[in-house]
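Subject: A structure for you to explore

Hi there,

Here is the structure I promised to pass on to you. Please open it and have a look around before reading my notes.

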Amino acid sequence: MASLKLLVSLLIICNIIYLLLPSTTIACDHSRTLVCNGLSYPQLTCSPPVASYISANLTLNDFSQGVEGGDRLECDNQFHDNNELVVALSTGWYDSGSRCGRMIVISASNATIGRSVAAKVVDECDSVKGCDSEHAGLPPCGNNVVDGFAGVWNALGLNKDLGVVNISWIMAE
């Protein structure tokens, strides 16, 4: 019985250590590089594992009709209002659309103590492609990006002028 308690304690400690490691410490092999506007970007099909709260970069985007990057979203082939609580996930987290329509909980405790918001996954923040007309000439996303509408940033009380902030997220279901 004592050895079982020790094993459980060790597992808990290992999980805590793992969760405290920044997501960038998890290797993600890439075999190709995309050159966009003279800069090189790795093409990444994987993202850090989805387990408990995941460290990520929240980026600001506007997917509404008629703006740069604004196109019908992959999950529902619709345009969305910029005030909606919706996000796009990096290619690995998007997982070929398996998270379409699912809710995630985003926490910005580093920026605003205790603020969290639930948002629906509606698109992929492509970590492989970019720089073409389909992607408005923008470079590919990193492999640890949650790309959010202004509504998500507003709900978290974040300064949209920053453009990128560290957050953590978890699947709501």
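Below is what I found in it.

This is a predicted model, in which local features need pLDDT of at least 70 and side-chain atom pairs count only at pLDDT 80 or more, while totals for chains, interfaces and linings use all residues. Residues are numbered from 1 along each chain as its sequence is written, and side-chain values use heavy atoms, with hydrogens and water left out.

Let's start with confidence. pLDDT is the predictor's confidence in each residue, from 0 to 100. The chain averages 73, and 58% of the residues score at least 70. Helices (H or I, at least four residues) and strands (E, at least two) are DSSP runs, numbered from the N terminus. Where pLDDT is low, the predicted coordinates should not be read in detail.

Next, the barrel. Six strands form a closed barrel in the order E3-E7-E4-E6-E5-E8, with mixed pairing; two strands pair if DSSP finds at least two bridges between them. E4 pairs with strand E6 (residues 116–125) in the parallel sense, over five bridges. In E6, Asp123 stands opposite Ala88.

Finally, find Asn61 in the loop between strand E3 (54–60) and strand E4 (86–90). Is Asn61 buried or exposed? Asn61 counts as buried because its relative accessible area is 18%, and buried means under 20% (1.4 Å probe, protein chains only).

Happy exploring!

Definitions and conventions
Buried < 20%, exposed > 50% of the residue type's maximum accessible area, 1.4 Å probe, protein only.
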